[in-house]
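Trainee: Could you walk me through this one, feature by feature? I would like to learn how to read it.

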Amino acid sequence: MQSEAWKTRVEDHMPPVKWYTFSDDGGRTFTPLMPWHFDTREFFYSSSSLSRLLRSEKNGRLYWIGNVTGPNACGNGPRWPLYICEVDETYGVLKKDTLTVIDTRGAGESARVEFSNFDVYQDRENGNLEMVFTKRNAYDTPDGGTASGGIWKYHIIFPD
């Protein structure tokens with residue numbers, strides 16, 4: 001689907017994946033663009049919602065936080081469930097056995113609920129992650145709109 005207003009280049013035949021490329025020369029040249037995947041070589045599907053890479057101050061490992069959906073994701077949706085996963089920095093892929101759900105759509109929540117507008121910080125005392133976000137579009141309203149689901153805070157304990 002293409003948005004004339006934003007001049008996007010998302011075509012109907014494009015799979016709903018996160019894309020990556022590498023540069024070994026400081027950004028002068030890059031490898032061809034490829035779908036990001038797990039260390040098992042399986043692709044994972046993700047809407048075009050925001051995600052984040054974060055290095056743990058506690059253990060030094062790199063983590064990715066984002067939505068992992070299904071192959072029917074389209075454009076910006078769905079924006080649930082929200083996951084955290086460790087990155088294998090040798091190969092630049094996600095370690096599938098570390099894929100962990102932070103939260104997902106609950107009973108009674110709208111299919112349009114969003115788990116993607118989050119902010120994270122690391123607790124200076126223990127090195128663990130704290131995440132805050134508003135559950136946007138959490139509940140369907142009788143007029144066809146949605147209502148917010150409040151502000152949520154999560155504590156994620158990194159391994160040593």
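Trainee: Are Phe115 and Phe133 buried or exposed?

Mentor: A residue is called buried under 20% relative accessible area, exposed over 50%, and partly exposed in between (1.4 Å probe, protein chains only). Here both Phe115 and Phe133 are buried. Keep in mind that this is a predicted model: local features need pLDDT of at least 70, side-chain atom pairs count only at pLDDT 80 or more, and totals for chains, interfaces and linings use all residues. Residues are numbered from 1 along each chain as its sequence is written, and side-chain values use heavy atoms, with hydrogens and water left out.

Trainee: How many strands and helices does the protein chain have?

Mentor: Helices (H or I, at least four residues) and strands (E, at least two) are DSSP runs, numbered from the N terminus. This protein chain has 12 strands and 0 helices. Of its 160 residues, 38% are buried.

Trainee: How many aromatic pairs are there?

Mentor: Rings of Phe, Tyr and Trp (its six-membered ring) pair if their centres lie within 6.5 Å; planes under 30 degrees apart are stacked, over 60 edge-to-face, and the rest tilted. That rule gives 9 aromatic pairs. One of them joins Phe115 and Phe133 edge-to-face, with 5.6 Å centre to centre and 90° between the planes. Phe115 is in the loop between strand E7 (100–103) and strand E8 (118–122), while Phe133 is in strand E9 (residues 129–134), so the pair ties together parts 18 residues apart in sequence. Elsewhere, ring pairs link Trp36, Phe38, Phe44 and Trp64 into a cluster.

Trainee: Which charged end sits over the ring of Phe38?

Mentor: For a charge to sit over a ring, NZ of Lys or CZ of Arg must be within 6 Å of the ring centre and within 35 degrees of the ring normal. Over Phe38 it is the charged end of Lys96, 5.5 Å from the ring centre. Likewise, Lys135 lies over the face of Trp152, at 3.9 Å from the ring centre.

Trainee: Where is Ser47, and what is it in contact with?

Mentor: Ser47 is in the loop between strand E2 (34–35) and strand E3 (52–55). Its relative accessible area is 1%, so Ser47 counts as buried. Contact means heavy atoms within 4.5 Å. Leaving aside neighbours within four places in sequence, the contacts of Ser47 include Lys18, Asn67, Gly75 and Arg79.

Trainee: Is Trp19 buried or partly exposed?

Mentor: Trp19, in strand E1 (residues 19–20), is partly exposed because its relative accessibility is 36%.
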